[in-house]
Amino acid sequence: MKDEEMERLFKQSMHLFVRDHMEKLSQELQVDNRSFVYLENNMLQMIMTYLFMNVDKKYENYRNEPFDTNQLDELEANLDSMIDKSKAEFEAVFDMLGSK
């Protein structure tokens, strides 16, 4: 599958997903909605890889120079921080489930 075709299919899928989600929200309007995301296998890694593969494509019209290593280090630090925070939150949820 070509990159352009894969990108087009991904955009179509995301558009349909967002549209359906917004329709459900407008119909149901749940006040006590508790969302939980479970990503099977390597789905998170696949999404992140897709996003990072297309970072240069997105900004190629705006940037002539490659990313500065300081920017990449900052991005890595932010991602590590988000991962640590998510891990702590998941551990808290597992502790709550284990105590019941």
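User: Is Asp 20 buried, partly exposed or exposed?
Analyst: In this predicted model, the relative accessibility of Asp 20 is 34%. Buried requires under 20% and exposed requires over 50%, so Asp 20 falls in between. The class of Asp 20 is therefore partly exposed.

User: With which residue does Arg 19 form a salt bridge?
Analyst: Arg 19 is itself partly exposed, at a relative accessible area of 41%. A salt bridge needs a side-chain nitrogen of Lys or Arg within 4 Å of a carboxyl oxygen of Asp or Glu. For Arg 19 the closest N and O atoms of the bridge are 3.6 Å apart, and the partner is Asp 20.

User: How many salt bridges does the structure hold?
Analyst: One of them joins Arg 19 to Asp 20. The side chains of Glu 7 and Lys 11 also meet in a salt bridge, at 3.3 Å from N to O. The number of salt bridges in the structure is two.

User: In which helix do Glu 7 and Lys 11 both lie?
Analyst: Glu 7 and Lys 11 stand four residues apart, about one turn of the helix. Their helix covers residues 3-28, and the element is helix 1.

User: How are the rings of Phe 90 and Phe 94 arranged as a pair?
Analyst: The count of aromatic pairs comes to one. The ring centres of Phe 90 and Phe 94 are 6.5 Å apart, and the planes make an angle of 25°. Planes under 30 degrees apart meet the criterion, so the pair is stacked.

User: In which helix do Phe 90 and Phe 94 lie?
Analyst: Phe 90 is partly exposed at 36% relative accessible area, while Phe 94 is exposed at 54%. The two residues are four residues apart, about one turn of the helix. The helix spans residues 69-99 and is helix 4.

User: Which element contains Asp 84?
Analyst: Asp 84 belongs to a negative surface patch, together with Asp 68, Asp 73, Glu 76 and Asp 80. Its place in the fold is helix 4.

User: What accessible area do the residues of the nonpolar surface patch have together?
Analyst: The patch consists of Val 37, Leu 39, Met 43, Leu 44, Met 46, Ile 47 and Leu 51. Among them, Leu 39 lies in the loop between helix 1 and helix 2 (43-53) and is partly exposed at 37% relative accessible area. The accessible area of the patch is about 620 Å².

User: In what order do the elements of the protein chain run from the N terminus?
Analyst: The protein chain has four helices and zero strands. From the N terminus on, the order is α-α-α-α.

Methods
Residues are numbered from 1 along each chain as its sequence is written. This is a predicted model: local features need pLDDT of at least 70, side-chain atom pairs count only at pLDDT 80 or more; totals for chains, interfaces and linings use all residues. Side-chain values use heavy atoms; hydrogens and water are left out. Rings of Phe, Tyr and Trp (its six-membered ring) pair if their centres lie within 6.5 Å; planes under 30 degrees apart count as stacked, over 60 as edge-to-face and the rest as tilted. Buried means under 20% relative accessible area, exposed over 50%, partly exposed in between (1.4 Å probe, protein chains only). Patches are made of residues with over 30% relative accessible area and no salt bridge: like charges are joined within 9 Å, nonpolar side chains (Val, Leu, Ile, Met, Phe, Trp, Tyr) within 5 Å. Accessible areas come from the Shrake-Rupley method with a 1.4 Å probe; for residues, only the protein chains shown count as cover. Lys and Arg count as positive and Asp and Glu as negative; His and the chain ends are not counted. The place of a charge is taken as NZ of Lys, CZ of Arg, CG of Asp or CD of Glu.
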